[in-house]
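This report covers two interfaces. One lies within a chain and one lies between chains.

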Amino acid sequence: MAASAATPLEEYRSLRGALPGQGLAWLRDLRDGALQRFSERGYPTPRDEAWKYTNIAPLLKQSFVPALSLERSREVAPADIAARLFAGAGMPLAVFVDGRFDAALSDLSGLPRGIEVRSLREMLERDGAALETLLTSQAPREPHGFIELNTAFMSDGAYVRIGSEAVAERPLHLLFVSSGAEQPLASYLRNLISVGQGGRAAVIEHYVSLGDAPSLCNVATHCVIERGAALDHYKLNEEGAGAHHFAGLYVEQARDSRYVSHNVAAGGRMIRNDLRCVLAGEGAECDLNGLYLAGGRQHIDNQTSVEHRVPHCTSREWYKGVLDGRARGVFSGHVVVRQDAQKTDAQQMNNNLLLSDEAEIDTRPQLEIYADDVKCSHGSTVGQLNPDILFYLRARGIDEARARRLLVTAFAQDVVARMTAAPVRAWAEHLIMARLAR
Amino acid sequence: MSVPGQAAGAKTLRIRNLRAAVGDKRILNGIDLEIRPGEVHAIMGPNGSGKSTLAQVLAGRDLYGITADEFSYGGRDLLAMAPEERAREGIFLAFQYPVEIPGVSTVTLLKESLNAVRRHRGEAELDAMDFLTLVKRKLALVDMREEFLYRSVNESFSGGEKKRNEILQMAVLEPRLAILDETDSGLDIDALKLLADGVAKLRGPERSFIVITHYQRLLEYIVPDYVHILAAGQIVKSGGRELALEIEHQGYAWLEREPGAAGRPLAAG
C-alpha cells in the first residue's frame with residue numbers, strides 16, 4: 001500500500017488470472033465491478049461519517065503483499081494450532097493460514113449428516129455456479145473501499161452449509177491464522193454460512209496470529225438464515241499486536257429464524273467490524289452481543305446496524321467495552337424500523353468502562369423509526385471503576401490488580417454469560433483475565 | 001514486640017498524635033490510643049466527631065492527608081502498608097456503609113478474600129469443598145440463607161442484610177483487630193445479638209476490637225474494657241464501661257462544660 005509498492009489496481013491486474021473461479025463470467029464481472037468502484041472512490045477517510053473516528057491513513061503507509069500472490073502458504077506447526085483450540089471440546093475444525101484453507105491442519109471428519117464445511121476456493125473452482133446467488137445478492141448497502149477490495153480479491157474462506165432440519169450439536173470451529181510471515185501479508189477472505197429451514201448450528205470464526213508481526217486481514221462473512229433456522233455465530237478476534245482486521249458481517253434472516261452474534265474483539269492493532277443484520281421475515285429474532293477489550297494503542301471500531309423490514313421481529317443488542325492505556329473504542333449502533341415493521345421490539349445498550357484517563361470511547365446509538373406501533377429503546381454509558389468498591393475489596397485483603405480484574409470480569413459478566421458454548425465462555429473469561437494482567 | 005505469656009501472633013495497635021485532614025479540613029486532631037491484644041475498646045461520640053474517619057484511616061483509605069508520631073500495628077508502620085496488606089495482617093473493618101458490588105457474588109468475595117489472607121499467612125488455599133463447608137457454618141452463625149452467597153455483594157440487600165454480610169465476612173476471615181463502624185445501627189435486637197455472638201465467638205487473648213457506636217445498647221452485649229469519647233477529632237475522655245452509661249443518660253453536651261474534658265468547644269452535632 002505504500003507509495004513504492006503496487007497499488008491495488010496494479011495488484012489486481014497481475015493477480016486477476018490467479019483468482020479462483022475466474023472461469024465464471026458473473027464472478028469476473030463482480031470482481032471487476034468492485035475494483036472499478038474502488039478505483040473511483042478509494043479508501044474511506046475520516047470525512048466519511050462511518051469512518052469519522054477510524055483513521056486508516058497511517059495503515060496505508062505500510063505495505064502488505066496479497067497472500068494469494070505467494071506460491072504456497074507458510075508452514076504452520078500442528079502444535080501452534082493445537083494451542084488455539086478450545087480444550088476438550090472436540091469441535092470440527094477448519095484451519096486457514098494467511099487466508100488459505102489448510103486441509104492438513106483441519107479436521108472435518110466428524111461432521112454430522114447434512115452439514116457441509118468446505119473451502120470457498122475449492123467451491124469456486126469446482127462448482128462455483130452454485131454460489132452465484134449467495135455471492136451476488138447480498139451486497140452491502142453502503143460498500144466502502146475495504147469491502148470492494150474484498151470482493152475483488154476474495155480468494156478463499158469457509159463455505160458452511162447447514163442443511164434443512166440438520167443440527168450441529170458441537171460448534172464448528174473456523175480458525176484463521178496469520179502466520180507472521182517476514183513479508184507483511186494481506187489476506188482476503190469470504191465466508192458463506194447458510195442454514196436451511198429448521199436447521200441449527202453454532203459457528204465460531206476465530207482469528208489468531210502467530211506473533212506480533214504486521215498483517216492485514218480483510219474478511220466478509222455472509223449469513224443466510226432460512227425459515228425457522230437458528231445460528232449462534234461467534235466472532236472471536238485475538239490477533240497479535242501488529243494485526244489489522246477489517247471485517248464485514250452481513251446477515252439476512254427469514255421468517256421465525258433466530259440469529260445470535262457474539263462478537264469478541266480483543267486483539268490486533270486495529271479492528272473494524274461492520275455488522276449488518278436484516279430481519280426480512282416476520283417473527284425473526286436477533287441478539288447481538290459484543291465485547292471489546294483494548295489496551296495500549298489498540299483501536300477497535302464496531303459499526304452495527306439492524307434493519308427491521310417486516311412486522312413482529314425482535315432485536316436485542318448489548319455491547320460492552322473495556323478500554324485501558326491509550327486505547328480507542330468506537331461504537332455505532334444503528335437500528336432502522338421500516339414503515340411496515342409494526343410491533344417491532346428493539347433494544348440496544350452500549351456500556352463502556354474506561355480504566356485509564358487516556359483511553360477514549362466514541363459511542364453513538366441511533367434509532368430511525370418509520371413505523372408507529374413499536375417498542376424501541378437504546379442507551380449508552382461510559383464509566384470508570386468505582387473507587388469505593390476498589391477500597392472495599394482491598395480492605396478485604398484482595399490486591400488492587402486482582403480487585404480490578406474482579407470488577408472488570410463482573411462488568412463483562414452478562415455478555416460472557418450469554419455465550420451458550422461453554423468452551424467459548426471459559427475462553428472469554430480467561431481472555432479477560434489475561435488482558436488485564438498485561 | 002512479643003510480651004511473655006502473650007498469644008502467638010498477637011499485635012498491639014499504637015497511635016500517637018494521629019492527625020487526618022481532607023484538604024484544609026482537619027478531621028482528626030491528635031488521637032492517642034493503644035489497643036493491646038485481647039482488649040475491646042468502644043469509641044463513642046457525636047456525629048462529625050471523626051469516628052468513621054478513624055475507622056477508614058485504620059483500614060487504609062487514601063482520601064486523607066495523614067501525620068502521626070506513631071501509627072503502628074504489631075510494630076509495623078501502618079502508613080507504609082496498603083489496605084490489602086493491613087487486611088492480611090489481620091485488620092478488618094466492618095463498613096458503616098457496605099458497598100454494593102454488581103456482578104461479584106458474596107461467595108466469590110469471601111473466597112478471594114480468605115485465600116488472600118491464607119496465602120499471606122503461608123497457609124494453603126482452601127479447596128472448594130472445605131471452603132463451602134466453612135462458609136456454611138459461618139452463615140448459620142449470622143442466620144443468613146445460603147442463597148445470599150450467590151447474589152451480588154449487597155445488591156438489593158436491606159440495610160440489616162448488608163450489616164449481617166459484614167459480620168459474615170468477619171466470621172470467615174477471623175481478624176486479629178476488628179473495627180466495627182456503627183455495625184449496630186439499623187440492626188434489630190435479634191441481629192444485634194447475632195453481632196454480639198459473632199464477636200463473643202472471636203473474642204480471645206490474641207484478638208482485639210474497636211467498637212464504634214452511637215448507642216450504649218450494643219455495649220450491653222459486647223462488654224468493652226475501655227470506652228473513649230471522641231469529639232472534634234480528639235479523644236476527650238476515656239474510662240471504663242460506666243462512661244458509656246453516662247453518655248446514655250446525659251448525651252454529649254456535658255463534655256463541653258466539664259473542665260479539662262475538651263480543650264475547645266465541640267464541633268456541631
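## Domain 1 against domain 2 of chain A

Five residue pairs are in polar contact between domain 1 of chain A and domain 2 of chain A, both residues at pLDDT 80 or more. A polar contact is a pair of N or O atoms within 3.5 Å; within protein, one must be able to donate a hydrogen and the other to accept it, and residues adjacent in sequence count only if both atoms are side-chain atoms. On the side of domain 1 that touches domain 2, strands S8 (200–209), S10 (230–238) and S12 (258–265) of chain A each supply at least two residues. S10(A) gives the most, with four residues. Strands are DSSP runs (E, at least two residues), and helices are runs of H or I, at least four.

The rule finds zero salt bridges here. A salt bridge puts a side-chain nitrogen of Lys or Arg within 4 Å of a carboxyl oxygen of Asp or Glu.

## Basis of the model

This is a predicted model: local features need pLDDT of at least 70, side-chain atom pairs count only at pLDDT 80 or more, and totals for chains, interfaces and linings use all residues. Residues are numbered from 1 along each chain as its sequence is written, chains are lettered from A in the order in which they are written, and side-chain values use heavy atoms, without hydrogens and water.

## Chain B against chain A

Chain B and chain A share five salt bridges. In one of them, Asp388(A) pairs with Arg61(B), the closest N and O atoms being 2.9 Å apart. H3(B) brings the largest share of chain B's side, six residues.
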